[in-house]
Amino acid sequence: MKIKNTSNSEHYLWGESCDGWHLLKSDSLSIIQEKMPSNTEEGLHFHAKAQHFFILKGTATFEVDNEIYSVEEGNGFHVQANQIQRIFNKTTMDLEFILISEPKSHGNQTNL
């Protein structure tokens, strides 16, 4: 067992200057910590697998199947498989969250 955090995990960039760190990366489970700077967003897409977001810092805005949801820190948000989605950071501070997928969600995203 190993202590994992953003300083010792595999890093990647996504979206508009957003960061991600693979805290756990296997074929059956993915746990990622992500950070979105102020006023960033991703494009509409969907995943073949469900995803669960847990907001660590800030407020996330989700668009899922044309509905808007605001999720504050300390709360989770579940997106079912094949739902059209995107996440926004409409605030002036960084948004940080944990993204959990079982099985992993990387590699099954379809951009619209």
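Trainee: What should I know about the model and the values before we start?
Mentor: This is a predicted model, so to speak of local features we need pLDDT of at least 70, and side-chain atom pairs count only at pLDDT 80 or more, while totals for chains, interfaces and linings use all residues. Residues are numbered from 1 along each chain as its sequence is written, and side-chain values use heavy atoms, with hydrogens and water left out.

Trainee: Okay, is strand β11 enclosed or open?
Mentor: Strand β11 (residues 95-101) is largely enclosed by the rest of the structure, because six of its seven residues are buried. Strands here are DSSP runs of E with at least two residues, numbered from the N terminus. Buried means under 20% relative accessible area, exposed means over 50%, and partly exposed is in between, with a 1.4 Å probe and protein chains only.

Trainee: Which strand is joined to β11 by seven bridges?
Mentor: That is β3 (residues 30-36), which runs antiparallel to β11, and E34 stands opposite F97 there. Strand β6 (residues 51-57) also pairs with β11 in the antiparallel sense, over five bridges, with F53 and L99 as bridge partners. Two strands pair if DSSP finds at least two bridges between them.

Trainee: And which residues have the most contacts inside the largest nonpolar core?
Mentor: W14, M36, I55, F62, I87, L95 and F97 do, in a core of 17 residues. β1 (10-14), β3, β6, β7 (59-64), β9 and β11 each supply at least two residues of this core. A nonpolar core is a set of buried Ala, Val, Leu, Ile, Met, Phe, Trp, Tyr and Cys residues joined through side-chain atoms within 4.5 Å.

Trainee: What does I87 touch?
Mentor: Not counting residues up to four places away in sequence, its contacts include W14, M36, F62, L95 and F97, along with E41 and E42. Contact means heavy atoms within 4.5 Å.

Trainee: Changing topic: how many salt bridges does the structure hold?
Mentor: Four, where a salt bridge is a side-chain nitrogen of Lys or Arg within 4 Å of a carboxyl oxygen of Asp or Glu. One of them joins K25 and E10, with the closest N and O atoms 3.3 Å apart. K25 lies in strand β2 and E10 in strand β1, so the pair ties together parts that are 15 residues apart in sequence.

Trainee: Are E63 and R86 buried or exposed?
Mentor: Both are buried, and their side chains meet in a salt bridge at 2.8 Å, N to O. E63 is in strand β7 and R86 in strand β10, 23 residues apart. Salt bridges with shared partners join E41, E63 and R86 into one network.

Trainee: What about D19, which is buried but has no salt bridge?
Mentor: The nearest side chain of opposite charge is K35, 4.5 Å away; Lys and Arg count as positive and Asp and Glu as negative, with His and the chain ends not counted. The D19 side chain does make a polar contact with the side chain of H11 at 2.6 Å. A polar contact is a pair of N or O atoms within 3.5 Å; within protein, one must be able to donate a hydrogen and the other to accept it, and residues adjacent in sequence count only if both atoms are side-chain atoms.

Trainee: Last one: what is the phi of N39?
Mentor: About 55°, a positive value although N39 is not a glycine. N39 lies in the loop between β3 and β4 (40-41). N66 has a positive phi too, near 70°, and is found in the loop between β7 and β8 (67-72).

Definitions and conventions:
Helices (H or I, at least four residues) and strands (E, at least two) are DSSP runs, numbered from the N terminus.
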